[in-house]
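The following paragraphs go through one protein chain, from the whole to a single residue. Please keep the sequence and the model in view while reading.

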Amino acid sequence: MEKRLQLFIDNQEIALTTGIFPDGAVWLKVTGKLPERAQLMRVRAAAMRDMNDFMLLAQLVDAVRHVTDVLVSHLELPWLPWARQDRHMVAGDSFALKVFARQLNTLGFDKVKVLDPHSDAAGAAIDNFVAIPQEICLLHSPTLARQFQQQALMLVAPDAGALKKIDAVARATGASEYAVLTKKRDVASGNLTGFALVSGDVRGRDVLIVDDLCDAGGTFIGSAQVLRDAGARSVSLYVTHGIFSKGVENLLSNGIDAIYTTTSFTSPALAHPNLELIDIAAIYGA
């Protein structure tokens, strides 16, 4: 069974049980034995989707601290929910990331470790925030690490917003160049138009689009078409966070040859011959 919430006390995993009351409220109980004292409480909360998931996390922290005197508390939060609502965009919307951060900060973690956060605002909103950068996550893929060693891939930034991260990935992988795409997004509707290759020669190259997240995948389907039209031999995709709301098949049948992503949000049970999952446990080192 997939474990989305895990507790480690001094690096020993402690068993948990969760459930839902008839009224819909969630509950959690620590069923493993808790010590009176501990140096480190480490909680891993993968694929946090809603406030029920947050309540389970909060109940876990309360249950442990009720029994155990903990010196240091770390939260491993691979996927940062509400990161795409990191400002007021249109009249009537909310700065949801700030709302969530206020709740998270009440739990008093000494470190909150997030993989490749979508928003730079997270570091200001969340106390004791630690970002694990995109290039570290990507290079935990054995396939991609090998291909970069062989200089077999050309990196592609899907838009100007990805340039800072793609530059760090290029340095980490030893890539000497990368291509840059552009697109236009209507803020109100989310519709994408105007895909174009603005720099980089991809003719005859195996290219890898790199970004932090994929939801429905329209950005990458449009990007793949532009890259193929420009002569790319193959188009692969790396995203740290795979939501894949229309399924990986939607991407793989529309111009993407292979997908690489972590299990920050994607279920470890998801399987496809052209999909490689990177275990978040390997990235966090346990």
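Helices here are DSSP runs of H or I with at least four residues, strands are runs of E with at least two, and both are numbered from the N terminus. Counted in this way, the protein chain has nine helices and 15 strands. The model is a predicted one.

Overall dimensions come next. The C-alpha trace of the protein chain spans about 65 × 45 × 35 Å along its principal axes. For 286 residues, a compact globule would have a radius of gyration near 19 Å, and the 20 Å of the protein chain agrees with that. Of the 286 residues, 48% count as buried, where buried means a relative accessible area under 20%. The accessible surface of the protein chain amounts to about 13,800 Å², and carbon and sulfur atoms contribute 50% of it. Among the contacts in the protein chain with a separation of 6 or more, 62% are between residues 24 or more positions apart.

Which strands form the open sheet, and in what order? Six strands take part, in the order β2-β1-β5-β6-β7-β8, and their pairing is mixed. The edges are held by β2 (12-14) and β8 (129-132); each has a single partner strand, so one side of each is left without a neighbour in the sheet. On average, neighbouring strands of this sheet are turned by 25° against each other, direction ignored.

Phenylalanine 8 has glutamate 13 in β2 as its bridge partner. Helix α1 (residues 51-67) packs on the sheet, where it touches β1, β5 (37-45) and β6 (69-76). The direction of α1 makes about 20° with that of β1.

Serine 267 is found in the loop between β14 (258-262) and β15 (275-278). Is serine 267 buried, partly exposed or exposed? Its relative accessible area is 25%. Buried requires a value under 20% and exposed one over 50%, with partly exposed in between, so serine 267 is partly exposed. Leaving aside residues up to four places away in sequence, serine 267 touches Glu2 and Leu277. Serine 267 and leucine 139 are 128 residues apart in sequence, and their C-alpha atoms are 20 Å apart in space.

Methods. Residues are numbered from 1 along each chain as its sequence is written. This is a predicted model: local features need pLDDT of at least 70, side-chain atom pairs count only at pLDDT 80 or more; totals for chains, interfaces and linings use all residues. Side-chain values use heavy atoms; hydrogens and water are left out. Two strands pair if DSSP finds at least two bridges between them. Axes are lines fitted to C-alpha atoms, for helices over the stretch in contact, and angles run from 0 to 180 degrees between N-to-C directions. Contact means heavy atoms within 4.5 Å. Buried means under 20% relative accessible area, exposed over 50%, partly exposed in between (1.4 Å probe, protein chains only). The radius of gyration is taken over C-alpha atoms; the globule rule is 2.2 Å times the number of residues to the power 0.38. Accessible areas come from the Shrake-Rupley method with a 1.4 Å probe; for residues, only the protein chains shown count as cover.
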